[in-house]
Amino acid sequence: MSHSPSNDIGTLYVVATPIGNLEDMTPRALRVLSEADLIAAEDTRHSGRLLKHFGIGTRTEALHEHNERSQVPRLIDILREGKSIAFITDAGTPLISDPGFHLVRAARQAGIRVVPVPGACAAIAALSVAGLPSDRFVFEGFPPAKSAARRAVFEKLQTEARTLIFYESPHRIIECLADMAAVFGAERHAVLARELTKQFETIRDATLAELQRWVEGDKDQQLGEFVILIHGLPRAEQESVDAEAERVLKLLLEELPVSQATALAARITGLKKNRLYEFALRLKGAG
Ligand code: SAM
């Protein structure tokens, strides 16, 4: 395997694997996995099936969220000895709602070459077919499991103008869509991408309320893996939110100091304090 030319340190390869369809395994990923001295895999049994399918016999070791921190120093030693390691997770691109951050950071800090071997990623695959603005987007990973925490996260994103991307599991898909409709608004345009690249791939765009009703009404749509994409707040609505915030702030500033007016306006409008504070200073300046 090729080592770093300047010294005899090995290379860490971060290798994407398919998110369903095995044809998405790239020739380069296959070569790197075959030639590596060791494959660190999130789940050796799960990845064992993939490796067997492609006839790859490289030794595997487990590296998952529960042992990553403790295993990193040993893996760094192996790389320092000049061996190469390929790191894979169960599906898709490692580190994207997956383990690997500690390993990659430690390798970079140790001056070890870290090489991406790109491939499938559910968020990007979903975005590429959603038909939502894709010039700017925000990847939020999995929302919290409990409704109150989930709504709190959504509330912070209520006025985000960029396309929002979430992952969700089948156990929570209905309640998650319900919370999204409640916080972002029943009429907000969204896309549900289910089982991408697999037999029952389904990509549906509708309002959040329609998506919620549709999934609730069809048991088949509650199965599998999901990406939820939400249209950012359209500019016109953003402007009307701003106009309303301005009206509320103006009234409060007549009676209260800036910090108190801002805090109260944040509670009334659901907007972020920082944003309202800047607003308040501008209003004060104008007045
Ligand atoms: N690292 C992976 C990636 O690059 O997409 C994501 C890993 S994360 C633990 C698993 C989540 O990704 C699933 O719960 C689902 O939200 C999403 N996902 C993975 N494969 C998918 C697929 N084929 N279709 C839709 N969503 C998928």
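User: Which residues of α6 meet which residues of α7?

Analyst: Ser147, Arg150, Arg151, Phe154, Glu155 and Leu157 in α6 meet Glu175, Cys176, Asp179, Met180, Ala182, Val183 and Phe184 in α7, where contact means heavy atoms within 4.5 Å. Bear in mind that this is a predicted model, with local features needing pLDDT of at least 70, side-chain atom pairs counting only at pLDDT 80 or more, and totals for chains, interfaces and linings using all residues. Residues are numbered from 1 along each chain as its sequence is written, and side-chain values use heavy atoms, leaving out hydrogens and water.

User: What makes α6 oblique to α7?

Analyst: Their axes come within 9 Å and cross at roughly 40 degrees. Under 35 degrees counts as roughly parallel, over 145 as roughly antiparallel, 65 to 115 as roughly perpendicular, and the rest as oblique. So α6 ends up oblique to α7.

User: And why are α7 and α8 called roughly antiparallel?

Analyst: Helix α7 (residues 173-184) and helix α8 (residues 208-216) have axes that cross at roughly 160 degrees. That goes with the antiparallel class, so roughly antiparallel is the label for α7 and α8.

User: What puts the buried residues of α1 on the same side?

Analyst: In helix α1 (residues 27-35), Ala29, Val32 and Leu33 are buried, meaning under 20% relative accessible area with a 1.4 Å probe, protein chains only. They cover an arc of only 95 degrees around the axis, so they share one side of α1. The arc is that of the directions from the helix axis to the C-beta atoms. Among the elements covering these residues are β1 (11-15) and α2 (44-53).

Key:
Buried means under 20% relative accessible area, exposed over 50%, partly exposed in between (1.4 Å probe, protein chains only). Helices (H or I, at least four residues) and strands (E, at least two) are DSSP runs, numbered from the N terminus. Axes are lines fitted to C-alpha atoms, for helices over the stretch in contact, and angles run from 0 to 180 degrees between N-to-C directions.
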